[in-house]
Amino acid sequence: MLTVASWGWVLAVLLPATIPVLPATPFAAGLTLALGVVDAQGQFDPTAHPPAGGVQGSDIAPVAPSPRARSAQTLPRRNPHRSPSTGGMRLAPTARGPLWGRTIVVDPGHNGRAIAAINSRQVPDGRDGHKACNTTGTLSNSGYSEHAHNWAVAGQLTKLLRQRGASVVLTRPSDVGVGPCVDERAAIGNRARADLVLSIHADGAAASARGFHIIRSEAMAGGSRITARSTRLATLTRDSFAAATRLPRSTYLGGGTAITPRPDIAGLNLSKVPAVMLEAGNMRNATEAALLRSPAFRAKEAAGLAAAAQQFLR
């Protein structure tokens, strides 16, 4: 039988119905979580993968939930193989810091793979209507996908937040699968009782359009108080992102404010916790597409988002 010691990899497939916060311990070394690897120092690497063939679910040792995890609203059984995926993925902090005790949902927008029957599935939009489950997002003119950009930034942001003491819940487990649907992404944050949700996207506007903007909901399931707090989070996210990246404010949405209230974003409408969506730039603009593809620029994006979260939660 394969073991953690012999392989250094553990595939988190058969977790119990209550998903604990995973401790930064030697056991966590090599834990792939179907989306990357938590190494021996507790660092998240979204680009790492297990050996070909993987390991058997029976080789996974149980992990006892922490008191905080037991007292918090739990996530449902994670199923990365389901299409669309459900439940989210919780990662423990790797150090104590200014975000200690906080839970932040990081939502890498869109899906890594397209399945027409899922893309067209209708789910609640939070306005007594329906919209499509999800898609793979837009593309740059050179073929760089939005979902890949979103996933890369999410990995860097997750690392920063965990280093500052936050528990992080990722809404999707990989960049090769499908899901979750937009309504489930909101539900993941609600069930986790998150302190905030940061949804990461990039836009696909006319080639001449420039800049980033932050989307907020006009009215959220959490009521007027949560909508107001999300408005504040949008402002902080805009300012921190601009300072970190030096990207201009959107020239085509937001009237120069780089903040766009919208009634049609299900993941925001259905949220009962503060939540905003970043459109990090225009992938159809050659200058911005090159930036969004750059690891150095994506690190700046992550830094700006982490700074916004920390300022919001002071």
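Predicted model: local features only at pLDDT ≥ 70, side-chain atom pairs only at ≥ 80, totals over all residues.

Me: What makes S250 count as buried or exposed?

Reply: Buried means under 20% relative accessible area. S250 has a relative accessible area of 4%, so S250 is buried. Leaving aside neighbours within four places in sequence, S250 is in contact with R210, G211, F212, H213, G256 and A258.

Me: Which backbone nitrogens does the side chain of S250 reach?

Reply: The side chain of S250 reaches the backbone nitrogen of Y252 at 3.1 Å and that of L253 at 3.0 Å. A polar contact requires N or O atoms within 3.5 Å.

Me: How do you know whether T171 is buried or exposed?

Reply: T171 lies in the loop between β7 (167-170) and α5 (182-191). Its relative accessibility is 1%, and the limit for a buried residue is under 20%; T171 therefore counts as buried. Residues that T171 touches, apart from those up to four places away in sequence, include G88, V105, P180 and I188.

Me: With which side chain does the side chain of T171 make a polar contact?

Reply: The partner is the side chain of D107, at 2.6 Å.

Me: Why is α5 called largely enclosed by the rest of the structure?

Reply: Because 8 of the 10 residues of α5 are buried, the helix is described in that way. The buried residues are V182, E184, R185, A186, A187, I188, G189 and N190. They pack against β4 (103-108), β5 (122-124), β6 (130-132), β7, β8 (196-203) and α7 (266-269). After α5 comes R193, whose phi is positive, near 50°.

Me: Why are α4 and α9 called oblique to each other?

Reply: The axes of α4 (residues 146-163) and α9 (residues 295-312) come within 8 Å and cross at roughly 50°. Angles under 35 degrees count as roughly parallel, and those of 65 to 115 as roughly perpendicular. The crossing angle belongs to neither class, nor to the roughly antiparallel one over 145, and the two helices are therefore oblique. The crossing of α4 past α9 is right-handed.

Me: What kinds of residue make up the contact of α4 with α9?

Reply: The contact residues include H149, A152 and L160 of α4, and P295, R298 and A309 of α9. They divide into 12 nonpolar, 2 polar and 2 charged residues.

Notes. Residues numbered from 1 in each chain as written. Heavy atoms only, no water. Axes fitted to C-alpha atoms, helices over the stretch in contact; angles between N-to-C directions. Helix = DSSP H or I, 4+ residues; strand = E, 2+ residues; numbered from the N terminus. Left-handed = near helix turned anticlockwise from the far one by under 90°. Contact = heavy atoms within 4.5 Å. Nonpolar A, V, L, I, M, F, W, Y, C, P; charged D, E, K, R; others polar. Buried < 20%, exposed > 50% of the residue type's maximum accessible area, 1.4 Å probe, protein only. Polar contact = N/O pair within 3.5 Å; in protein donor to acceptor, adjacent residues only side chain to side chain.
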